[in-house]
Amino acid sequence: MTRVAVLKGGRSLERQVSLKSGARVQDALHRLGHDVVAIDVGHDLVRRLRDAAPEVAFVALHGRDGEDGTVQELLEALAIPYTGSGVSACIRCADKVIAKHHMLDAGIPTPDFFAFNETAFKELGAADALPAIEARLGFPLVVKPAGQGSALGIKFAAAAKDVPGALVATFSYGDKVLLERHVRGRDLAVSVLDGEALPVVEAVPTEEEFYDFEARYEIGRTQFVCPAELREGLTARAQELALQVWEVLGCRAFARIDLMLSTDGGELTVLEANAIPGMTDTSLLPMAADAAGIGFDALIQRIVDLAA
Amino acid sequence: MTIDDRDARTPGEPRSMTSALGRRQTSRDLERYAGLFAARTKVMKSSAMRDLMALTERSDIISLAGGLPDTSSFPSESFAAIMGSVAVDSTARSLQYGPTEGLTVLKNCIAEVMAEEGTLVDPDDVLVTTGGQQVIDLVCKTLIDPGDIIIAEAPTYPGAVPTFCSYQAEVIQIGLDEDGMRIDELEAMLDRLDREGRRPKFIYTVPTFQNPGGTTMSLPRRRRLVEVIRRRELLVLEDNPYGLLRYEGDALPTLYALEGGDFVIYLGTFSKILSPGVRLGWSVGPRPVLEKMNIGKQASDLCSSSLTQLFVAAYFDSGRWQDYVQSLREIYRRRRDVMLDSLAECLGPESSWTHPQGGLFIWVTLPDYIDTTDLLARALDEHVAFVPGRAAFLDGRGGSSMRLNFSGVGEADIREGVRRIGEVVREQVELYGTLTGRHRAVEPRAEPAPALPDVELADVLHLPPAPERRRRPDAREG
């Protein structure tokens, strides 16, 4: 029996998702016979961690503070072993721009992009560069915040006239945004557990054209296929890419790498890496583990064992 | 052809756990439940907005999002005394089930409240419900088959949207202007439906101090609406939670009073004149409809709480209910004025808002390039919240509007909350100006902008197509 503090909730925009992840993790830890303390992360986090004196902190937080290295730094300071990636990998994964630059440097294919903060537009006249950017990326193009998960704030500009509105909207979610080439194709996710790639999951939205926030968390809104039915060699290639990303970003214990398989050309590109993928009923890591014969409870136990 | 590539893997390829497993597998756990869900759950959606709205309840947020009345001014001694008398005088009764249609003592109070607005009813004709929301549910339960048409206002009460959706109604929204629902548009729509051989099951309206629009249907419009429904024999659901909360202007007769009750189903509630915590509302209307609603209520919850019904009856016995409503009017009038003044100070000329004569809400419309659902994410950073306008539409409109509540927070918080909203709006207006080469002037103005009509809201006969989905499938959660 281990005394485990489950950190969940917090004040990020993905609070509700985190509460769902956290609740499932708590249930599993109870079934596994651990001593569980649930902490809804807030101003009193340090005090509550000191009071609880856990042997392991299970970080079931998503988004700002929880997934970007902040809480991890705090746990380092308190010398409490915690689940998932360390501070530096969290920082690299949580910022899509940093992650994509690491991928580019390592020769890992990722959709072409440009990234700017608000200052670039306000002080440096970056707006004048938009036509050139649009010409290079083509339409439709994707505008997304560098630091949000769950598809929050992702906009889709069909023409030049849509770009300013999409940028304004996306800057609502953070001070850095990226404009990215749109890849039409199939949504794939490869979860990695302790350096081993799990079966590929394909998310096929049943109604929506896109795998958006609603499609992600609504039971029955998306059909998940695991292992994904892929042409010969593609599964291995997707898993190989995921492991390369895992290495390059320095992930630990588990992570989920999201890829696109383009409709034209069948090329695989990596969109991003998630240091703390969801653990909800509709989340992909538990699904992939299950397909590999690792049930949810066993997955949670593995993650606790891997805490450092 | 799709083949399972696991068999094709050659030694030396990355190690993978897929080899441990035999065949294709969809997520068992999910499908086990999803396969059992009723078809109606497909339109009972969760959304990013709903998750964002959950954040607005944090204690460090100034929330102008709720529809909460101020219950803090209710004297605690009176509350204790009334509860005490119920406990002593009606112990067994208050702990017992009651009749589905409600206790007679409460129905007498309801008749008194309605008389205060000039609507005379026989207490025997009243159906007591568990909040006004239950009336909306029961009316749908009684009248709506999947695919049936409900006509509502644009914007409409956000709380009615999930109810309409769960009964799989087709909702057609008719524009509002400063005189309430546009009856000319309503008639044009009814004619069009007629030609298609279709007929709405009912028209849903909040004629007085509309939620979320803040506008009030004028007397000529009320008369015209009554004339239209009598001529066409259509039912109206008149939702009137705020009628007694008037801060200026003359009271108007309810549709129910004007029409006589043949085609109007009236919805009232104690939530805004006393307490939403007692969960008590009511309905009066055509007897055959009310009888079916009664049976529907029996199926839903047998009866509303005897305890709170007796509490409200005892409270009315104490004879102070009008004084309390008057004290609420004074509090809310000041708060409304503070909010209107703050909006004039803090929002630029690109924005407009309504000037409600009563009720709890102001409807603000920002420039069309600002999306208020996204803006809410930014506003939450500044610890302030509102309801994005899209919540009041079923067709994707309302993206640039927001609903602000002025009853639930104090004057200082209203000032500060509106100031923060003004800041984030100003930021976005400036950024948009920079991005488009239009450096817009953002000087605050002295006078509020003209209220509705809003071109977008009024353009109901030419409903724009559902906006193109702007999200795309990359970037998963976590």
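Tutor: Let us begin with one pair of residues, keeping in mind that this is a predicted model: V143(A) has K155(A) as its bridge partner in strand 6 of chain A.

Student: OK, and in which sense do strand 5 and strand 6 of chain A pair?

Tutor: Strand 5 of chain A pairs with strand 6, which covers residues 155–157, in the antiparallel sense, and there are three bridges between them.

Student: What about strand 7 of chain A, how many bridges does strand 5 make there?

Tutor: Five bridges join strand 5 of chain A to strand 7 (residues 176–181), again in the antiparallel sense, and within strand 7 it is E180(A) that stands opposite V142(A).

Student: Why is strand 5 of chain A described as largely enclosed?

Tutor: Five of the five residues in strand 5 of chain A, residues 141–145, are buried, so the strand is largely enclosed by the rest of the structure. On one side the buried residues are L141(A), V143(A) and P145(A), while V142(A) and K144(A) are buried on the other, which leaves both faces covered.

Student: Switching topic, what domains does chain A have?

Tutor: The domain assignment gives domain 1 as 3–84, domain 2 as 93–109 together with 184–293, and domain 3 as 113–181.

Student: And how far apart are domain 1 and domain 3 of chain A?

Tutor: Their C-alpha centres lie 33 Å apart, yet seven residues of domain 1 of chain A are in contact with five residues of domain 3.

Student: What kinds of residues are on the domain 1 side?

Tutor: On the side of domain 1 of chain A that touches domain 3, two residues are nonpolar, two are polar and three are charged.

Terms used. Residues are numbered from 1 along each chain as its sequence is written. Chains are lettered from A and ligands numbered from 1 in the order in which they are written. This is a predicted model: local features need pLDDT of at least 70, side-chain atom pairs count only at pLDDT 80 or more; totals for chains, interfaces and linings use all residues. Domain bounds come from an automatic or database domain assignment. Two residues are in contact if their C-beta atoms, placed from the backbone, lie within 7 Å. Ala, Val, Leu, Ile, Met, Phe, Trp, Tyr, Cys and Pro count as nonpolar, Asp, Glu, Lys and Arg as charged, and the others, Gly among them, as polar. A residue is buried if 20 or more other C-beta atoms lie within 10 Å of its own, exposed if 12 or fewer, and partly exposed in between; C-beta atoms are placed from the backbone. Helices (H or I, at least four residues) and strands (E, at least two) are DSSP runs, numbered from the N terminus. Two strands pair if DSSP finds at least two bridges between them.
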